[in-house]
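Hello,

Here is the structure you are taking over. My notes on the domains and the salt bridges follow below.

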Amino acid sequence: MVVRLICPDADQNKFIDEVVEQRQNGRNAKFFTKIKDDWKARVKAYLRENGDPAIIKPWQEALSHATTFKNLYLSPDENSVQHPVLTNLRSRELQLCPACGEDGTPNTLDHYLPKQTYPEFSITAHNLFPMCDICQGEKLTETVNSANERLFVHPYFDQFIEVQVLHLQIRPPYEAPENIQLTPDSGLDPAQSALVARHLVHLAIPKRYYHFFKDEYLRLLRLVRTMRQQDLNITTILEVFREKARDKSINSWGHIFYTGVLSNPGLMDYLKQGQLPEKL
Ligand SMILES: [Zn+2]
């Protein structure tokens, strides 16, 4: 699940000044000079409202010059002001996708507010973070639901995701669990829980997590068989696995898995002394 990222600290007013300055020799010089102050005001509003699409509505001036803005992102000159900013954002060495928490090294950037509908935030660092291909394919240009509530957690601004936001419930039969459930943390307030639920559905996370779970659970049963043969302490070893996964993120898929296992007394009892499936 979602992972908190450190918010970029670049001065956006200075950044826009420099970008506009660099455009002064190009064919869009007049346009950028004209909209500079409004552009700054838009970015200021983004930062004030934490990028919330329920509040920040698309800007007609940018939409009618969408290609001009998007090109700042899509084909930046190597000497451009935005080039090192984008390179830095891409080169963060993450071991998992901040949007879903699945292991991997996402190196494409997603625009929290899509560049198609919000072209003026194409190169705003606070609007950009790495995301895996599957999440990008699910998110596309979605932003709010029909009730004008935002669909996605923001990895820079939603501080509540510093805790474990999801818990895994595994029910018997433990030799082959038929249903598992991911539930939001009971410490979240109702608005946070509802946001997490929308985020999960719109990135198709439960379906993807279930595939991960099936593989990981089989692996766990095989390991338990070996641990029993070698008379090893199952709880201690699983706690080590949990800590290793937590080191990536408290919301990594592995950490959610191992906390779900270790906090389930019935399952722990089964792992220690239950009848394991013959075929593993
Ligand atoms: Zn993802």
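The centres of domain 1 and domain 2, taken over C-alpha atoms, are 36 Å apart; this is a predicted model. Domain 1 covers 12-139 and domain 2 covers 163-273.

At the interface, 12 residues of domain 1 are in contact with 11 residues of domain 2. The two domains bury about 940 Å² between them, with 57% of that area from carbon and sulfur atoms. Of the area that domain 1 buries against domain 2, 39% comes from Leu-96, Cys-100 and Glu-138, more than from any other three residues.

Polar terms across the interface amount to 4 residue pairs in polar contact, and 2 salt bridges are found there. On the side of domain 1 that touches domain 2, the residues are 6 nonpolar, 2 polar and 4 charged.

The whole structure has 14 salt bridges. Among them are these:

- Arg-4 and Glu-162, 2.5 Å from N to O. Arg-4 is in the segment before helix 1 and Glu-162 in the loop between helix 6 and strand 3, so the pair ties together parts 158 residues apart in sequence. Arg-4 is partly exposed at 26% relative accessibility, and Glu-162 is partly exposed at 49%.
- Glu-61 and Lys-34, 3.2 Å from N to O. Glu-61 lies in helix 3 and Lys-34 in helix 2, so this pair links parts 27 residues apart in sequence. Glu-61 is partly exposed at 24%, whereas Lys-34 is exposed at 58%.
- Lys-248 and Asp-103, with the closest N and O atoms 2.8 Å apart.

Regards

Definitions and conventions. Residues are numbered from 1 along each chain as its sequence is written. This is a predicted model: local features need pLDDT of at least 70, side-chain atom pairs count only at pLDDT 80 or more; totals for chains, interfaces and linings use all residues. Side-chain values use heavy atoms; hydrogens and water are left out. Domain bounds come from an automatic or database domain assignment. Contact means heavy atoms within 4.5 Å. Buried area is the accessible area (1.4 Å probe) that two parts lose on being put together, summed over both. A salt bridge is a side-chain nitrogen of Lys or Arg within 4 Å of a carboxyl oxygen of Asp or Glu. A polar contact is a pair of N or O atoms within 3.5 Å; within protein, one must be able to donate a hydrogen and the other to accept it, and residues adjacent in sequence count only if both atoms are side-chain atoms. Ala, Val, Leu, Ile, Met, Phe, Trp, Tyr, Cys and Pro count as nonpolar, Asp, Glu, Lys and Arg as charged, and the others, Gly among them, as polar. Helices (H or I, at least four residues) and strands (E, at least two) are DSSP runs, numbered from the N terminus. Buried means under 20% relative accessible area, exposed over 50%, partly exposed in between (1.4 Å probe, protein chains only).
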